[in-house]
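User: Hi! I'd like to go through this model with you, one question at a time. Could you help me read it?

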Amino acid sequence: MKAKVWNDNIYPYSEKFKGDLIKIEPNSFIEMDYDEAVMFLGTFSSIVRDADGQATQASWKKLRVEPMGKPSDNVIKSDPNKCIACGKVLSSQAELAQHIFNEHPEMLDPESKAEAVANLNKMKIAQGKGR
């Protein structure tokens, strides 16, 4: 997804970012990939000071990121059966619970672990595999 990076300053803004010199004229914008724009917004650039030691307005980073496209484009769609620890996609929530319990027990606190064991046992009984 693309985004507009606006310079709300009355002075042009330039900064070296990932090896490229980025220049944005006053009260205008450039287009960037949304993730790159957020990273660019978060980078630190040194402040230029005048003879009295005060920061010059030209060095102020007065930028904002405006996502382009529909709001639904900004939503990250994920598979509800995907393990967030290793990225493995399983066929059901029950398989995901079993996978997390077996492969990533460190992710569960003691209460969650006890609850997971109880839920897994209930699922096995419901599927006719338990007892």
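Predicted model: local features only at pLDDT ≥ 70, side-chain atom pairs only at ≥ 80, totals over all residues.

User: Which element gives the largest share of the lining of the largest pocket?

Analyst: The lining includes Ala 97 and Ile 100, along with Ser 112, Glu 115, Asn 119 and Met 123. The largest share amounts to 6 residues, and the element supplying it is H3.

User: Which element has the lowest mean pLDDT?

Analyst: For the chain as a whole the average pLDDT is 84, and 92% of the residues score at least 70. Strand S4 (residues 28-33) has the highest mean among the elements, 94. Where pLDDT is low, coordinates should not be read in detail. The lowest mean, 76, belongs to helix H3 (residues 110-126).

User: How far apart are the end C-alpha atoms of H3?

Analyst: H3 has 17 residues, and at 1.5 Å a residue they should span 24 Å. The model agrees with that expectation, because the end C-alpha atoms are apart by 24 Å.

User: Which residues does Leu 63 touch, leaving out those up to four places away in sequence?

Analyst: Leu 63 belongs to the largest nonpolar core, which has 10 residues in all. Strands S1 (2-7), S2 (13-17) and S3 (20-24) and helix H1 (34-42) each supply at least two residues of this core. With that sequence cut-off, Leu 63 touches Val 5, Trp 6, Asn 7, Tyr 13, Ile 24, Phe 40 and Leu 41.

Conventions. Residues numbered from 1 in each chain as written. Heavy atoms only, no water. Core = buried A, V, L, I, M, F, W, Y, C linked by side-chain atoms within 4.5 Å. Buried < 20%, exposed > 50% of the residue type's maximum accessible area, 1.4 Å probe, protein only. Helix = DSSP H or I, 4+ residues; strand = E, 2+ residues; numbered from the N terminus. Contact = heavy atoms within 4.5 Å. pLDDT = per-residue confidence, 0-100. Expected span 1.5 Å × (residues − 1). 1 Å grid on protein atoms, 1.4 Å probe; cavity = no way out; pocket = protein on both sides within 12 Å on 5 of 7 lines; lining within 4 Å.
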